[in-house]
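Subject: Handover of the model and notes on it

Dear colleague,

I am passing on the structure that we spoke about, together with my notes on it. Please look through the model first and then read the notes beside it.

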Amino acid sequence: MRYHASHSIVCDTPPEQVYDVIRRSRDWPTLLEPCQSVTVLSEEPDGEHIEISALVGGEPMTWQSHRRFHTDLFGVSATVVVPMPLVKAMSTTWRVIGVNATQCVLLLEHDYDLCDDIGGQVEGVTTRDQAERFIGAAIDANSHTELGNLRGAAHRAAAGAAQADGGDAIGLDGFIRHSVVLRADPDTVYGLIRSTDSWPRLFAACVGTSVLEHSDDQETVRVEAEQDGRPVAWNTRRRYVDSVRRVEYDLPVPMPFLESMHGVWRVVPLENGRCLLTVDRHWRLLADVRGIRDGISTRSEAAAFVRDFVDGNAAAEMLAIRAFVEENTEALLSLTSRYRLPHSPHRVFALLADIGGWPAMLDHLDSLDVLYDDGAHQEFTMKVRTAPGTAGSAGELESIRSVRHCDERTLSITYFQPQPPPGMLRHAGHWQVRGIAGGSEVISHHLVVLDRDGSAEVSGTDELRRRKTLVADLLERNSRATVDACGRALDRSAGQP
């Protein structure tokens, strides 16, 4: 029988500082109350083989562990190679998960098996039930103590401005993590993650799911989705560890450009009725990515495409889950689009920020009335003409009121619309311009909550997914029209035809 335990603590420090503390095993005897000694038997650039002596359930025990460092995800994975008494096999996982700029969650997981023959190893423990209680209680007590010790050490290190080893080591083989703190019961959130039936209702990119194989703690699920408007599909093999609210998965039939993908969903209880939802994704690119998609012929191009797709979809998934569990709505739409222009980022940003020049530049803008503009803070109303094939009738004027903040230092513009277009209850978003080789990348992000009744009337369909698609098409079309207009204006100013 396999046993599982999960413990966590919130640290008021950035994740790299906590990771630095958990990585340095030589310091454990002075940091961790149960630990008596640590001997490093061998070292590698990304790991170590150590012998640990500590009090376990009040009993002195010694074991050996091989630790692997994962700097890219602020984690340590350990396998016990010479077990402690009563334990047949054990693996531990440390993960430091960022919550915001100044806080993180330190998560410690144990997965272990007990010995077949229990007798004679620990005084007073003669049956398997007694061994279960002894080891379970010892792990629980030691984990609580050690997490508190490590948090204190990380806080002291933060005060001294300690820095973590390593850095961003993503490369062509990718890793990305997304996390969100939810005002929701952890069991409710875990149930939502566990049930793939809900995905087409929640996630805009997901068209449908079907269970191909099923057992008590495993499923193989076929996922059909859209990738930049194109149908794609893959299989995901999911293993459920309900006792610690964890879903491990891998893709035996991965999405395009990938040789493999695997990861873990975790739901971690927090204080005050909150929980942390986090998902890690790891992938490996195919050796040859040619011929899969027009315009992508190198691994670097494929790596950028996959990362952008996974990052955008995962961020949208987190927002959709938050809207569902906190606001009880499935009508949230998150859309991120990226465009490239052969012009400097500062010049592109200047055009996006100059609302006074929009009427002459944007064909879909009928009129604009500036209510306030000091160069950084802006409020205006505009009338936008809808295009054929989008929500609303072709040529219809929509009146929109928008409030924006333009930050020239970061080349970003954030906005919300107190008076959004018809069919939307809320609409907010941002523009981000950044320099790339040969010019600029312009990122447009929209966050929309649809008016269930109003959007059906405007779009002419009662199907929520279809309404999301129509609104997403409209927003993407307007964003692209704005970026294209900026490009044409900059071409003209540079003397290009």
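The notes below go from the whole chain to its sheet and then to a few single places.

Please keep in mind that this is a predicted model, in which local features need pLDDT of at least 70 and side-chain atom pairs count only at pLDDT 80 or more, while totals for chains, interfaces and linings use all residues. Residues are numbered from 1 along each chain as its sequence is written, and side-chain values use heavy atoms, with hydrogens and water left out.

The chain as a whole

The chain has ten helices and 21 strands; these are DSSP runs numbered from the N terminus, helices being H or I of at least four residues and strands E of at least two. Its C-alpha trace spans about 85 × 50 × 50 Å along the principal axes. Of the 497 residues, 48% count as buried, a word that stands for under 20% relative accessible area, with exposed meaning over 50% and partly exposed lying in between (1.4 Å probe, protein chains only). Where contacts link residues at least 6 apart in sequence, 52% of them join residues at least 24 apart, a contact being heavy atoms within 4.5 Å.

An open sheet of seven strands runs in the order 15-21-20-19-18-17-16 with antiparallel pairing, and two strands pair if DSSP finds at least two bridges between them. Strand 15 (332–341) and strand 16 (365–373) stand at the edges, each with a single partner strand, so one side of each is left without a neighbour in the sheet. From one strand to the next the twist averages 20°.

Strand 16 and strand 17 are antiparallel partners over seven bridges, with Tyr372 opposite Glu379. These two strands form a hairpin with three residues between them, and Gly375 in the turn has a positive phi of about 95°. On its other pairing, strand 17 is joined to strand 18 (residues 397–407) by nine bridges, again antiparallel, and Thr381 has Arg401 as its bridge partner there. Strand 17 has a covered face made up of Gln378, Phe380, Met382 and Val384, whereas His377, Glu379, Thr381, Lys383 and Arg385 form the uncovered one. Further along the sheet, five bridges join strand 19 (residues 412–419) to strand 20 (residues 424–436), and Ile413 stands opposite Trp431.

Helix 6 (residues 299–327) lies across strand 15, strand 20 and strand 21, at about 155° to strand 15, while helix 10 (residues 464–493) lies across strand 15, strand 17, strand 20 and strand 21, at about 25° to strand 15; axes are lines fitted to C-alpha atoms, for helices over the stretch in contact, and angles run from 0 to 180 degrees between N-to-C directions.

Buried places elsewhere

Eight of the nine residues of helix 1 (residues 15–23) are buried, so this helix is largely enclosed by the rest of the structure; among them are Val18, Tyr19 and Ile22.

Val56, in strand 3 (residues 47–56), is buried with a relative accessible area of 5%. Beyond its neighbours within four places in sequence, Val56 is in contact with Met61, Trp63, Met84, Phe134, Ala138 and Asn142.

Thr196, in the loop between helix 4 (186–194) and helix 5 (199–202), is also buried, with a relative accessible area of 3%. Its contacts, with neighbours within four places left aside, are Thr209, Val221 and Arg238.

With best wishes
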